[in-house]
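Please consult the sequence and structure shown here.

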Amino acid sequence: MKYLEGRIGWTLLILAGLVFPYVTGNDYHLTVMSTAYIFAIATLGLNLVTGYTGQFNLAHSGFMAVGAYVVGILTVDHQVPFWIAFALSGLVTALIGLPLGFVSLRLKGHYFSIFTLCVGYIMFLVIEKWESLTHGTVGIIGIPAPTGFGGFVFDSPRPLYYLVFAFLVIGAFVMHRIVTSLLGRTFMAIRNSDELAESLGINLARNKLLSFLLSVFYAGLAGGLYAGFVRFLGPDLAGTHHTFEMTTFMLIGGIGTILGPLLGAIGMPWLSQHLQFLQEYRYVVFGPLIIILVIFVPNGIVGSYLAWKARRASNEAKARAVPQPVPTTKPVNPASPQGGATHA
């Protein structure tokens, strides 16, 4: 883990992402990795409201579906250019999340989670039943791919891979800037204690709402990318199982970190691909694996490493702070020869 820290670590990860298409010559692998990147962007948003602010949003996949359907409806039914529809995907998702945030963020703990679970299920039902708008269970077919610009044309898996990867890098950089700023410290103060944060003069409602809107904005943009990449949408995208998958990514990688959700969102799909030969029985492997991680690595891979590093630094600081014994010298007797006395 120490090689993934700091600028050197992030540089190595970016280089690995850039050379990945040349390492694998399989378009299927590029598709799997690109899909993992899209869900990693959505997981970063969920991690902001859950890991940094302490509010577990179970409607996150519903907001991701909203962003995807904004792109699908505008491009297919109204012939809006892809990039305009993509820009609107995050904004429309945030606007829909605004009234829900006003209501839900007055709740705390499991009450907030239960409320958002209901909201997510309502989103799923609306997408499934409102056939005149969302095409119902038939879904939206024929979503256009992202239009090219300059000399770039996104008409094959490799250019699409680099497009999604670029958005992941930008999203991770912006999220890092948010959580390391004063705003991010404010979110963490709310996560640690509402009462203490309020006593320090922090506006709880405003900052919780802001965290929620930033989170769903990320989900909407991830959904817009998903629509342009997969080019087909169905109500299944709004299912809560996708939210629980993103939660698993956070728990395995390390909730409340930037690197942890990225590692979880990229690593778990590849593990699932390597267990495809087990078909539906692969969950027999996932279950014990998650239980072992929760027991022995409760803070996730990155979180446990950071906790170990903090304990080590604390122990070293305590060792340096312990006063060393001062050597004492035996007093010299003036009457002794060493004291300069003369003998008869």
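## A buried charged pair

Asp-194 and Lys-208 are both buried, a term that denotes under 20% relative accessible area, with exposed meaning over 50% and partly exposed in between (1.4 Å probe, protein chains only). Their side chains form a salt bridge with an N to O distance of 3.1 Å; the term requires a side-chain nitrogen of Lys or Arg within 4 Å of a carboxyl oxygen of Asp or Glu. Asp-194 belongs to helix α9 (residues 194–199) and Lys-208 to helix α10 (residues 204–230), so the pair ties together parts that are 14 residues apart in sequence. Helices (H or I, at least four residues) are DSSP runs numbered from the N terminus.

## Basis of the model

The model is predicted: local features need pLDDT of at least 70 and side-chain atom pairs pLDDT 80 or more, whereas totals for chains, interfaces and linings use all residues. Residues are numbered from 1 along each chain as its sequence is written, and side-chain values use heavy atoms, leaving out hydrogens and water.

## The salt bridge of Glu-128

The structure contains 2 salt bridges. Glu-128 pairs with Lys-129 in a salt bridge whose closest N and O atoms are 4.0 Å apart. Lys-129 is exposed, at a relative accessible area of 60%.

## The setting of His-242

His-242 is located in helix α11 (residues 240–253). His-242 counts as buried because its relative accessibility is 11%.

Beyond its neighbours within four places in sequence, His-242 is in contact with Phe-39, Ser-61, Asp-236 and Leu-237, where contact means heavy atoms within 4.5 Å.

Terms used. Helix = DSSP H or I, 4+ residues; strand = E, 2+ residues; numbered from the N terminus.
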